[in-house]
Every structure is written in C-alpha cells, then in structure tokens.
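Trainee: I am new to this one. Can we go through the terms used for it and check each against its definition?

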Amino acid sequence: MKSGSNLERVIASGKMAVTAELGPPMSADPHEVIKKANILKGFCDAANITDCQTAVVRISSIAAAFIALREGLEPVMQMTCRDRNRIAMQADLLGAAALGLKNCLCIAGDHQMFSAAGKLKGHPGAKNVYDVDTCQLVGIMRKMRDEGLQQGGDKLEVAPKFFIGASWTPMGDPMDFRPYNLKKKVDAGADFIQTQGIYDMELFRSQMEKARNLGLLERTAMLAGIIVPKSAMMLKYMDSSVAGVTVPKSLIERMNKAKEAAGDDKKKARELQEQEGIKITIELIQQALEIPGVRGVHIQAIEWESAIEPIVKAAGLYPRPTFPDA
Amino acid sequence: MIVGQQKPFDEIWEMVKGFKKVLVYGCNTCVAICHAGGGKEAEILTSLLRMKAAQEGVDLQVDHAAIERHCEPEFFEPLDEKVRTYDLVLSTACGVGVNFLADRLGGSMPVYPGINTTFYGGVPEAGFFVELCGGCGNCVLHLTGGICPIVRCSKSLMNGPCGGTNNGKCEVSNETDCAWFLIVERMKKLGTLEKLYEVQPPRDWSTGTHGGPRRVSLEHIRAYEEQEEKNAATEGRR
Ligand code: SF4
Ligand code: SF4
C-alpha cells in the first residue's frame, strides 16, 4: 500500500471504486460540510473536497477534508496549482498528512478570470501562482512519498503518504494529444485518475483504447467521471460551454421529453427531469464500468449530494466494501 | 518590442495638475511604434494638457520633446540642460525609460509615467500587438515549437494543455488562443510531437523576476570600453 487510504484499498481489492464530490461552502460554518459528509458517507469510498473551485473563496479543501474525515467520510483533498507555490504546497501536504488525510488530487485549477464569469464577483484581479503545473505537482508528491525528499532536495523526517490523483479531460482538444497528456500524468506518478464528466461513452471508449495501447491502464486506476444531469438546460449548457464535454443529442432529447411531460407545472418539470437525470446517470455508470480498464466511477452531483444514494444503490454499487482493520 | 498604452487622460491630469512647468518627454523607439509615447504622441498629449489647463483655469506650462531612446545615456545628453528647467518630466517612454531617467536625475526632480508599459510583443498587423515573451531568463522555445508557454498560456504550464482548452481557445476568454493547442499543432507540423511526451520538471524561476532584480554584465565589452577611455586619456595628455 502506498497510502493505505480506503480508496486505495478498494482499488487494490479489484472492486469497482466509487468517489463522489463535496463542495465546501462560502462560510466559516462547518455544519454544511458535516451535513454533506453524512449524506455521502457509506455510499462512496471517498469524496473529493474541491479547492476553491471556479476560483471562488470557500472553506479550504484541507480544512473541509479534515471535517469530513472526522465525520467518518474519507476525503480526497484537492490541490490547485493556482493558489500556492511549491513551498506552500509541500507545507500544506505535510500538514494534511499530519491531520490524517491520505488522498490528494492534483489539478491546475480554474483560472481566476473564470470567477467573474458566473453570478459571483470572485477575484478576477488576483495574482495567480502557477509555480508548478499538475504533472510537476504529482511528481513532487511522489518524490516526497517515495524518496522522502522535498522538491528542493531536503530530507523529510517522516514522508507524507498520499494516494496521488490527477484529472484527465479525455475529450478535450486537441483530442489526439489527450492520451499523451494522460501518459505524462501517469509517468509523473498519478496512482489514480478522475476524468472530466463523460456523456459520450463511445468517444470515451475510443480514447481509453488509446490509453490502453500506451500501457497506461495497468499503471493507474481510471475512474470515469459522471456529472449527474439535473435538467435539459444543464445538459445543453455543458454541451455548448464546458471544455471537453460533449453531450449526445439523444440524451438532451430524453431530458427535454421529461420536461415536456410535466406541461406547465414547473415543480413537476423539475422533478421529472431530476428523475430522468438519475436514470441517465445510472445507465452511464453501467456503460462506463463495462469499458476495459475502467476501475471505478467518480460521480459528481453538484449541490445535489442526496442523489448519490439512489444512484449508487440502483447501479448495483451498494454496499461499499469495508476493510476490517481500517 | 516593448508595447505600452497611454494612461487614461484623467489619471495623467491628476498627476500633473499641481505642477507649474511640465515637459512631456517622448521616446521614438518601441513606444512610438505602438502609438503610445513617441514624439507625435507626446505632442498630442501636450496639446490636450494645455487645453485642459486652460479649461480649468490652471496656470500650467506644458512643452514636449523626444529622443531616440530613453534607455541609454548618450541620447539624453543634448537635452539634459533643458530638461532641468522643468519641475516635472512626464515621460511617455516605457517603464525602463522612466526608471532610467529618474535614476539619471537622481531625485533632483520627479519623473512620472505617461504610459502603462504592458508587454514584450510583436505587431502581426498594423495597430495590433500581441504578447509573445515574458523575459523569463531561461528560454524553452526549442521545446515548444517557438510558442512561449510562459506568457501565451494563461497558467504558464510547462506540461499543457490543461482541461480548459475549448475549440482551440483558452478558458480565460474565447478570444484568446490556447497556447498549448497551438504548441501541439505546431509540433505535429514540425514532426517533433514526441518531444511533448516527456514530463518537464519544475522550473527554476530564479532566472526571471522571482530571483530579485537582474543584471547582465558583459565583461569583455566593459574591459574594452575601459581601455578605450584610458587610451583617449593618454592621447589627450600627449
Ligand atoms: S520561454 Fe521565457 S525567454 Fe522564451 S519566449 Fe517565453 S518568456 Fe521569453
Ligand atoms: S486553456 Fe490552454 S492557454 Fe489556457 S490555461 Fe489551459 S493550456 Fe494554458
């Protein structure tokens, strides 16, 4: 075992892994994290705790991850390259490990200009860091863990033992380069990969085949990302505006039908679309798990944590494995 | 070249309005090409300041001048005496020129910036300027097909692209090309795509602005200049 995390154990056991996502609040109140952690607990092997996603200030990933851990939910802390230089990163990794955190996902992070794109003000005038990029952060974490050395070469008395993750956008362009983009992350030391949300399973399957031909799928655990759709509008938006996401027309059509079936009843339209969204998610999960090399799913129910339980149960992924000595 | 843009007029007015005698001092190299601070722009800015002063009923004398370069001593010499008769120099040179002149004047009078120095860029077409280099002090263009990942990628990634690339554009704006999209396509054309398969290790940023102020000292040139000066001095004595 590299880290001994629950997620690592599930993957090592050969069972399909399930990760979910928990977004910390814009608040100093821990209760929201506690509430979400208890909704997710038992239905996933670990939950990603986002790190100021879309460059909006929220409870830090490490702090929220620690709160989740205290509640009995294993966290995957996230670390963006946007907000920290290598000194702060390594200091935070030591601190996180000292607090008992065992999984870390490395990401570039949404650019701070992004924060002004939504309804929030964000901090588009912030100075970003980008001292190192994702591949380099993965490498730093591996060097700390496996060699007991800091990036600069100084020795660590006790090394932080993380199960190291990275994200992958298999259908981002330039698409023919994406398998190599994955290779670099794996070469750098990524133990597991969580992908961007996938709706077009055929396209994903063909990208996975390329990854397999590069021998990557034996060296890293691929968790297919599924974003639970809430409405036809959301699917349309993701198709047109979210980088690396394409949504087949048939899925948008299905959601549209669910919406229309409610007539003018707005509440019912929402409910029917949510039900359809859960159905679509379950199907996507089942399709993803059939693709050779897929070792689990990363289910993102954004601000809709309660959807995870029915999805995991209906997809035949419940109960989650437990380990006696954990 | 160095690309700059004139500061908003109101900001300039706020800077100068308390003075009596102002010289708008242009530079005829880079900032003239980007229509921000050459002799012509200095002249126009002077007229605007005069008009504003008249409108506001402020007693302000504004003149203009320009020299070829604001970053080497010899260009300043012919005008040094004239410059010292003003109580403010509003330099429309780039930030280098403003610093250089302020150091030269050594606190005897203030030098204020008339432009915002923006980047090192090229001029793909008249009136259009794009940032192409960040002066990082450790060029990697041989690894990236001649496309700078430091300033042309919004996240200065060395192992791009990130997940934000959308139809070849960067996540910060759909008007900004994704540098890594361009790099991949360029490397394909060059037949050197496999160079991108290697992980680039963390950079040493100390060669850039992160290592403190930088200097370049060419000892052979300095030694030669020194010898020339000595020779001139001995010749004079003869
Ligand atoms: S790599 Fe450095 S020196 Fe080369 S173009 Fe980019 S910023 Fe300039
Ligand atoms: S989209 Fe492209 S240019 Fe923009 S930050 Fe990502 S890799 Fe860099």
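Mentor: Start with handedness: H8(A) and H9(A) cross in a left-handed way. Bear in mind that the model is predicted.

Trainee: What makes the crossing of H8(A) and H9(A) left-handed?

Mentor: A crossing is called left-handed if the near helix is turned anticlockwise from the far one by less than a right angle. The crossing of H8(A) and H9(A) is of that kind.

Trainee: Why are H8(A) and H9(A) called roughly antiparallel?

Mentor: Helix H8 (residues 232–241) of chain A packs against helix H9 (residues 249–260) of chain A at about 155°, and their axes are 8 Å apart. Angles over 145 degrees count as roughly antiparallel. H8(A) and H9(A) are therefore roughly antiparallel to each other.

Trainee: Why are H2(A) and H3(A) called oblique?

Mentor: The axes of helix H2 (residues 31–40) of chain A and H3(A) cross at roughly 50° and come within 9 Å. Roughly parallel needs an angle under 35 degrees, and roughly perpendicular runs from 65 to 115. The pair H2(A) and H3(A) is therefore oblique.

Trainee: Is the crossing of H2(A) and H3(A) left-handed or right-handed?

Mentor: H2(A) passes H3(A) in a right-handed crossing. For that word, the near helix is turned clockwise from the far one.

Trainee: What is noted about phi of Ala55(A)?

Mentor: Phi of Ala55(A) is near 55°, a positive value in a residue other than glycine. Ala55(A) belongs to the loop between strand S2 (46–49) and helix H3 (61–70) of chain A.

Trainee: Which kind of peptide bond joins Tyr318(A) and Pro319(A)?

Mentor: That bond is cis, with omega about 0°. Pro319(A) is in the segment after helix H11 (308–314) of chain A. In chain B, a cis peptide bond joins Gly160(B) and Pro161(B), with omega about -5°. Pro161(B) lies in the loop between helix H7 (149–152) and strand S8 (169–170) of chain B.

Trainee: How are the residues around ligand 1 divided by class?

Mentor: The shell has 8 nonpolar, 2 polar and no charged residues. The residues around ligand 1 include Cys133(B), Cys136(B), Gly134(B) and Gly135(B). Cys counts as nonpolar and Gly as polar.

Trainee: How do you know where ligand 2 sits?

Mentor: A molecule sits in a cavity if more than half of its atoms lie within 2 Å of the grid points. Ligand 2 sits in the largest cavity. Among the 13 residues around ligand 2, those that come nearest include Cys153(B), Cys162(B) and Ala179(B). The shell around ligand 2 has 8 nonpolar, 3 polar and 2 charged residues.

Technical notes:
Residues are numbered from 1 along each chain as its sequence is written. Chains are lettered from A and ligands numbered from 1 in the order in which they are written. This is a predicted model: local features need pLDDT of at least 70, side-chain atom pairs count only at pLDDT 80 or more; totals for chains, interfaces and linings use all residues. Side-chain values use heavy atoms; hydrogens and water are left out. A residue is near a molecule or strand if one of its heavy atoms lies within 4 Å of it. On a 1 Å grid over the protein atoms alone, a cavity is a set of points where a 1.4 Å probe fits but cannot get out, and a pocket is an open set with protein on both sides within 12 Å along at least five of seven lines; lining residues have an atom within 4 Å of a point. Axes are lines fitted to C-alpha atoms, for helices over the stretch in contact, and angles run from 0 to 180 degrees between N-to-C directions. Helices (H or I, at least four residues) and strands (E, at least two) are DSSP runs, numbered from the N terminus.
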